[in-house]
Amino acid sequence: MAFAAVALAFPELAPNPYILSVGIVVLNYAVLSTSWNFVGGFTGYISLGHGALAGLGAYGTGLLVTKGGLPSFVALAAGAAIVAAIAIPIGYAALRVRGASFVIVSIALVLVTLLVFQSWASFTGGSRGLNVPRPFPGMLRPEHHRVFFYLFLALLAIALTVWWLIDRSRFGLGLKAIREDEDKAETLGTPTFAYKLVVFVVSAFFTGLAGGLYALWFGDLDPIFQFSILTGSYMVLMALLGGVRNLFGPLVGALIVGSALEYFKVEFGNTPLHLVATGVLLALVVLFMPDGVLPALGALLRRLSPTTETSIREVTAGEVAAIGGEPQHAQSRNG
């Protein structure tokens with residue numbers, strides 16, 4: 001609730017349009033990492049190919065607007081649906097492998113889509129890029145940022161709600177069983193492949209929505225940026241940093257990493273220093289907080305907070321008998 005209050009007030013508190021645009025970028029990262037967490041958090045499959053799904057959502061929305069003549073938000077919904085449909089055959093092929101093989105397949109997806117959209121210049125614009133018209137053409141830039149900030153915030157709230165519902169469902173329990181021991185889960189009757197495919201499609205749908213909404217906000221699409229392996233890497237880093245098994249883990253990771261990336265780009269321009277900082281951060285997380293920031297903070301609070309729980313050795317025999325419903329004198333008689 002505190003985060004929601006701050007987020008809702010952020011457009012009014014932002015001192016200038018640039019800071020507001022940074023807020024939109026961070027929210028976009030939060031939606032992307034939360035979308036990734038449907039697969040990574042529930043099944044334990046590490047996908048570096050979600051950047052391709054975000055790029056497909058962006059280009060799908062942009063092409064439906066520019067080539068198909070659809071209204072912007074109709075194109076957004078249609079583009080996300082197309083990404084989800086494309087994710088079915090992709091998931092059907094990719095989810096048959098595990099571990100490092102799955103990671104390699106996901107990387108190959110990014111490289112293939114990059115080559116296709118960069119080479120098909122007559123349709124996608126190729127290296128020249130694709131210009132997507134604004135959905136609100138008469139709106140000034142600051143107001144444009146304000147509207148899209150709330151749109152991204154609404155999309156994040158929907159993604160978090162769906163993740164929360166799955167987490168508490170029988171379907172979510174099956175996904176967690178896959179994460180802990182897929183072979184054992186399958187032996188016990190869980191339709192593991194079907195579960196993985198369904199959650200992969202759900203993840204692709206939200207990733208496509210995030211990519212499409214970014215296209216409507218930013219307006220200029222470049223295949224090298226949209227289909228970058230770094231995008232998928234950032235999603236993984238943000239989720240790992242915050243905690244993949246925590247509802248708000250990807251959001252916390254996006255706040256830290258997204259803000260840091262924007263700071264490094266402003267201070268140091270196009271130098272690769274932000275990549276160095278990202279690598280160092282990932283190494284620190286793996287070494288010192290393998291479960292993420294939120295679980296680490298929770299464990300620290302539990303250690304620091306006083307507890308009223310006592311060991312069974314600290315309970316008298318009479319108290320044990322009273323808890324079990326056995327009279328104290330009976331316990332004494334029984335030795």
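This chain folds into 16 helices and 2 strands, where helices (H or I, at least four residues) and strands (E, at least two) are DSSP runs, numbered from the N terminus. What you're looking at is a predicted model, so local features need pLDDT of at least 70, side-chain atom pairs count only at pLDDT 80 or more, and totals for chains, interfaces and linings use all residues. Residues are numbered from 1 along each chain as its sequence is written, and side-chain values use heavy atoms, with hydrogens and water left out.

**The chain as a whole**

- Accessible areas come from the Shrake-Rupley method with a 1.4 Å probe, and for residues only the protein chains shown count as cover.
- Take the contacts (heavy atoms within 4.5 Å) between residues at least 6 apart in sequence: 77% of them join residues at least 24 apart.

**Salt bridges**

- Side chains of opposite charge can pair when their charged atoms come close.
- A search of the whole structure turns up 9 salt bridges, each being a side-chain nitrogen of Lys or Arg within 4 Å of a carboxyl oxygen of Asp or Glu.
- One of them joins D183 to R98, with the closest N and O atoms 3.0 Å apart. D183 sits in helix α8 (residues 170-187) and R98 in the loop between α4 (72-94) and α5 (99-119), so this pair ties together parts that are 85 residues apart in sequence.
- D183 is partly exposed at 45% relative accessibility, and R98 is partly exposed at 39%.
- Another salt bridge links the side chains of E143 and R146, at 2.7 Å from N to O. Both residues lie in helix α7, 3 residues apart, which is about one turn of the helix.
- E143 is partly exposed at 35% relative accessibility, and R146 is partly exposed at 22%.
- Salt bridges that share partners also join R98, E182, D183 and K196 into one network.

- D167 belongs to helix α7 (residues 141-167) and forms a salt bridge with K176, the closest N and O atoms being 2.7 Å apart.
- The side chains of D167 and K176 also make a polar contact at 2.7 Å. A polar contact is a pair of N or O atoms within 3.5 Å; within protein, one must be able to donate a hydrogen and the other to accept it, and residues adjacent in sequence count only if both atoms are side-chain atoms.
- Not counting residues up to four places away in sequence, D167 touches F42 and K176. K176 is partly exposed, at 23% relative accessibility.
- V162 is in helix α7 too, and at 24% relative accessibility it counts as partly exposed.
- Leaving aside neighbours within four places in sequence, V162 is in contact with F38 and F206.
- V162 and S35 are 127 residues apart along the chain, and their C-alpha atoms are separated by 10.0 Å.

**Aromatic rings**

- A pair of aromatic rings is described by the distance of the centres and the angle of the planes.
- The structure holds 21 aromatic pairs. Rings of Phe, Tyr and Trp (its six-membered ring) pair if their centres lie within 6.5 Å; planes under 30 degrees apart count as stacked, over 60 as edge-to-face and the rest as tilted.
- Y214 and F225 have ring centres 6.3 Å apart and planes at 35 degrees, so the pair is tilted. Y214 lies in helix α9 (residues 192-218) and F225 in helix α10 (residues 223-226), so the pair ties together parts that are 11 residues apart in sequence.
- Y214 is buried, with a relative accessible area of 12%, while F225 is partly exposed at 44%.
- W217 and F218 make a tilted pair as well, because their ring centres are 5.9 Å apart and their planes are at 55 degrees.
- W217 is buried at 5% relative accessible area, and F218 is partly exposed at 38%.
- Ring pairs link Y214, W217, F218 and F225 into a cluster.

**A nonpolar surface patch**

- Y263, F268, L273, V276, V280, L284, L287 and F288 make a nonpolar surface patch of about 810 Å². The elements giving two or more residues to this patch are α12 (249-268) and α13 (273-288).
- Patches are made of residues with over 30% relative accessible area and no salt bridge: like charges are joined within 9 Å, and nonpolar side chains (Val, Leu, Ile, Met, Phe, Trp, Tyr) within 5 Å.
- Helix α13 gives the largest share of the patch, 6 residues.
- F288 lies in helix α13 and counts as exposed, at 64% relative accessibility.

How values were computed. Buried < 20%, exposed > 50% of the residue type's maximum accessible area, 1.4 Å probe, protein only.
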